[in-house]
Structure formats: C-alpha cells, structure tokens
Amino acid sequence: MNTPLKRVTREEAENVALGAFSFLTGDEERLGRFLAVSGLRPDTIRSAASSPGFFAGILDYVVSDEPLLLALAKELNTKPEHIVQAHWTLSPSEFE
C-alpha cells in the first residue's frame, strides 16, 4: 500500500536543498555532472542561486538519480523519502 508523501514546510525543504547543494559542491565529480546537466557554469551559480526555482531545481536533479538520492540521504542522516517530501514541497505536482 502506497502512503502519500507528507508535506514538509518550505523552510525545511529549503534547508534540505541547501544540504543537497553543499553535498553536490563538496565533490568535484558530482559538481561537474550537476553543472553539465543543469547548464550552469561555476561563474553563474551565484546568480542562479538567487532565483526562485533554484532550490527546486537542485532537488529535481537529486531525486532523478536514485544512487545520488541515496548517497545524499546517508550524508544528511535522513531517509530518502524526506528528501522526496522536500522536493514535493518545492515542486508540487500539477496532479495533486
């Protein structure tokens, strides 16, 4: 039986996204892949980080890659479901 995802607060979701961003930038290979997929460059990250969808984009990226999601959950000492819940808070489905 599937249980619905529990909503987390926007602040909590943004904190998860910040943790994810720190995790991505803490490893050259992970950061390189994130930059390649997102189209960002090292010199554009700062301006992109101030855009409203930046946190949602980070979590979109993380939840689309299961091994990355699991590694982040381990790093943040949380369940992958919590990260997915944060993703849903920042990027709600149009089918809710």
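Helices (H or I, at least four residues) and strands (E, at least two) are DSSP runs, numbered from the N terminus.

I note that this is a predicted model, in which local features need pLDDT of at least 70, side-chain atom pairs count only at pLDDT 80 or more, and totals for chains, interfaces and linings use all residues. Residues are numbered from 1 along each chain as its sequence is written, and side-chain values use heavy atoms, with hydrogens and water left out.

Entry on Glu14. I looked up Glu14 and found it in helix H1. Glu14 is partly exposed, with a relative accessible area of 25%; buried means under 20%, exposed over 50%, partly exposed in between (1.4 Å probe, protein chains only). Leaving aside neighbours within four places in sequence, Glu14 is in contact with Phe55 and Leu90, contact meaning heavy atoms within 4.5 Å. I also checked Phe54, which lies 40 residues from Glu14 in sequence and 9.8 Å away in space, C-alpha to C-alpha.

Entry on H5. I listed the buried residues of H5 (residues 66–76) as Leu68, Leu69, Leu72 and Ala73. Down the axis of H5 they fall within an arc of 135 degrees, so they line one face of the helix; the arc is that of the directions from the helix axis to the C-beta atoms. On the other side of H5, I found Glu66, Pro67, Lys74 and Glu75 exposed. The cover over the buried residues of H5 includes H1 (10–25), H2 (28–38), H4 (54–63) and H6 (80–90).

Entry on Asn77. I found Asn77 in the loop between H5 and H6. Asn77 is not a glycine, yet has a positive phi of about 55 degrees. Asn77 is exposed, with a relative accessible area of 73%.
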